[in-house]
Amino acid sequence: MINTEIINADNYYIEGFVVSTPQPLTIEVSLGKFFTIHNVEKQETTIKELEDGTTKEVEQLIQVEEMETDEYSAFTFDIESDNLVNVIYDVYLLDLPSTSGYEVHIDRTEMDGNNVPFYEGEDTIKFLLMSFMVPPNTNTLDDVQINIKEVVRNNDSDSAE
């Protein structure tokens, strides 16, 4: 079962994120776009009319929104259950400053009492796309609750442009 949780955000959101289960233990995620909105100060020059009828150029700082758009590729991954313990899957979108892009990272944690699911990598997590638990001896994803995070802006999944 795929559950979608709507997450409201003012500075980023995702479009085109679709998850399906085409085979019993396979998850497929479509190509998606990731938008990041930055508030920046820009200098604006305006012409102001003076009392004597002359004009003067006036420079002022204004706040504007700039939007960056990035894509992440479609991806597919297979699910493996364990014979004895639950397995947690966390799927992250990582920020890669060296390439100015994003990468999908999948963590698989066997919940044997000695492990706690957490990201150990060096790259920055931009967003947790999905998280779910696979019970022992799972042969199909029909009974697995896959929690999807759909990020929208201002309660609306339309583009900010």
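**Entry 1: ground rules**

I count two strands as paired if DSSP finds at least two bridges between them. Strands themselves are DSSP runs of E, at least two residues long, and helices are runs of H or I of at least four, all numbered from the N terminus. The model is predicted, so I note the limits: local features need pLDDT of at least 70, side-chain atom pairs count only at pLDDT 80 or more, and totals for chains, interfaces and linings use all residues. Residues are numbered from 1 along each chain as its sequence is written, and side-chain values use heavy atoms, with hydrogens and water left out.

**Entry 2: the 3-4-7 sheet**

I looked up the strand order next. Three strands make an open sheet, ordered 3-4-7, with antiparallel pairing. Which strands stand at the edges? Strand 3 (19–23) and strand 7 do; each has a single partner strand, so one side of each lacks a neighbour in the sheet. From one strand to the next, the twist averages 25 degrees (axes are lines fitted to C-alpha atoms, for helices over the stretch in contact; angles run from 0 to 180 degrees between N-to-C directions).

I then checked the pairings. Strands 3 and 4 are antiparallel and share three bridges. A hairpin of two residues connects strand 3 to strand 4. Strand 4 and strand 7 are also antiparallel, joined by four bridges.

**Entry 3: Thr-26**

Thr-26 sits in strand 4. Gln-23 stands opposite Thr-26, and Thr-26 stands opposite Asp-78 in strand 7. The side chains of Thr-26 and Asp-78 also make a polar contact of 2.8 Å. I use that term for a pair of N or O atoms within 3.5 Å; within protein, one must be able to donate a hydrogen and the other to accept it, and residues adjacent in sequence count only if both atoms are side-chain atoms.

Buried or exposed? I checked Thr-26. Thr-26 is buried, at 7% relative accessibility (buried is under 20% relative accessible area, exposed over 50%, partly exposed in between, with a 1.4 Å probe and protein chains only).

Beyond its neighbours within four places in sequence, Thr-26 is in contact (heavy atoms within 4.5 Å) with Ser-20, Thr-21, Thr-76, Phe-77, Asp-78 and Leu-141. Leu-141 is 115 residues away along the chain, yet the two C-alpha atoms are 8.1 Å apart.

**Entry 4: the core**

I turned to the nonpolar core, a set of buried Ala, Val, Leu, Ile, Met, Phe, Trp, Tyr and Cys residues joined through side-chain atoms within 4.5 Å. The largest one has 24 residues, and Phe-17, Ile-27, Phe-77, Met-130 and Phe-132 touch the most other members. At least two residues each come from strand 4 (26–29), strand 7 (75–78), strand 8 (87–96), strand 10 (124–134) and strand 11 (146–153). Strand 10 contributes the most, with five. In soluble globular proteins, nonpolar side chains tend to be buried together.

**Entry 5: salt bridges**

How many salt bridges does a search of the whole structure find? The search finds two, with a side-chain nitrogen of Lys or Arg within 4 Å of a carboxyl oxygen of Asp or Glu as the criterion. In one, Glu-66 meets Lys-42 at 2.9 Å, N to O. Glu-66 belongs to strand 6 (residues 55–72) and Lys-42 to strand 5 (residues 32–49), so this pair ties together parts 24 residues apart in sequence. Glu-66 is partly exposed at 34%, and Lys-42 is partly exposed at 40%.

Glu-110 and Arg-108 also form a salt bridge, at 2.9 Å, N to O. Glu-110 is partly exposed at 30%; Arg-108 is partly exposed at 32%.

Last, I checked phi. Most residues other than glycine have a negative phi. Asn-137 has a positive phi, near 55 degrees. Asn-137 lies in the loop between strand 10 and strand 11, and is partly exposed at 47% relative accessibility.
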